[in-house]
Amino acid sequence: MYEGRFDSLAGVSTRVAIKVIHPDFANENGFQELFIQEARISARLEHLNVVRVQQFNREASLYYLVMEYIDGVTFRKIVSACRRHNQRLPLTLLAELGRQACEGLHYAHALTDESGQALRLVHRDMKPSNLMLNVQGVVKVLDFGISYAQGQQESRGSVKGTWGYMAPEQAEGEPVGPAADLYGLASVLYEVATLEPLFPETDNTAIRRELVADGGARRAAGLGGPYADLAGVLVRALQRDPHARYRSAEAMARALSQLVPDPMLARDELVRKVA
């Protein structure tokens, strides 16, 4: 990812982010196809809580995506900063981060094509580095690089995502729906709350055992103190059975909104935290 400027008429220049395929994989057809797929999907996304793609092009053999530049921090950096300063985010701010992320996910999940046909889009890679908080206090969902849309051909049993944030069905290579993104987001929110990963295990086999044993929900149930009210939301989103989770990202957003008595005040406080 690079920072750049997009120049247009009368000296108007816009700050942008430019995404390219890593040079080690730039000439591999599989990576190029994934990148083109990401461009096709991302070009349709236009929502406050989703990063906006402005252009897709190629220079010689190098494909690149031009996206809005987000002046802010990833959730990964939020966790690191909280650890460094020995601070925790207040419940209301954490719930507001999750609520906004759910708004972006709900929009993506409900996306249709020009004919009105549901795309059934699933992000599949909810993790702290794919969520950002900008200086206006707005959460942005990033990187639809391994997202799935209806009709997409994939090998059965293939596992795509990031271990430690994948839903159980995703880790088993089974078909996934929007509920998989809710599991991933809940894993991220748990990490922002506790400053520790939901699954600190480094071995994929050990993580898979925890997923099968409903380890995510059990660990979230242990949240107490200032996050006791958040525990119930996370426990439901982290159920092993996708049908036992929230019926949609919108439903999860509503549950989180109950923990944010004053959204405007929460947004103002998020702006101060970013600063």
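Which residues are linked in a network of salt bridges? In this predicted model, the network is made up of Glu201, Glu210, Arg218 and Arg219, and the structure as a whole holds 13 salt bridges.

The chain has 10 helices and seven strands. Its radius of gyration is 19 Å, close to the 19 Å that the globule rule gives for 275 residues, so the chain is as compact as a globular protein of that length. Taken along the principal axes, the box filled by the C-alpha atoms is roughly 55 × 45 × 40 Å. Of the 275 residues, 48% count as buried, and the accessible surface comes to about 13700 Å², with 50% of that area belonging to carbon and sulfur atoms. Among contacts with a separation of 6 or more, 62% are accounted for by residues 24 or more positions apart.

Three further salt bridges can be described individually. Glutamate 169 pairs with arginine 245, with the closest N and O atoms 2.8 Å apart; since glutamate 169 lies in helix H4 (residues 168-171) and arginine 245 in the loop between helix H8 (228-237) and helix H9 (249-257), the pair ties together parts that are 76 residues apart in sequence. Both glutamate 169 and arginine 245 are buried.

The other two pairs each lie within a helix. In helix H3 (residues 91-109), glutamate 103 and arginine 99 are four residues apart, about one turn of the helix, and their side chains meet in a salt bridge with an N to O distance of 3.3 Å; glutamate 103 is partly exposed, at a relative accessible area of 32%, whereas arginine 99, at 17% relative accessibility, counts as buried. In helix H9, glutamate 250 and arginine 254 are likewise four residues apart, about one turn of the helix, and their side chains form a salt bridge at 3.9 Å, N to O. Here glutamate 250 counts as partly exposed at 36% relative accessibility, while arginine 254 is exposed, with a relative accessible area of 53%.

Aspartate 181, placed in helix H5 (residues 178-194), is buried yet has no salt bridge, the nearest side chain of opposite charge being that of arginine 124, 7.4 Å away. Leaving aside neighbours within four places in sequence, aspartate 181 is in contact with Leu105, His109, Val122, His123, Arg124 and Met126.

Conventions:
Residues numbered from 1 in each chain as written. Predicted model: local features only at pLDDT ≥ 70, side-chain atom pairs only at ≥ 80, totals over all residues. Heavy atoms only, no water. Buried < 20%, exposed > 50% of the residue type's maximum accessible area, 1.4 Å probe, protein only. Lys, Arg positive; Asp, Glu negative; His and termini not counted. Salt bridge = Lys/Arg side-chain N within 4 Å of Asp/Glu carboxyl O. Contact = heavy atoms within 4.5 Å. Rg over C-alpha atoms; globule rule 2.2 N^0.38 Å. Areas by Shrake-Rupley, 256 points an atom, 1.4 Å probe, with all protein chains shown as cover.
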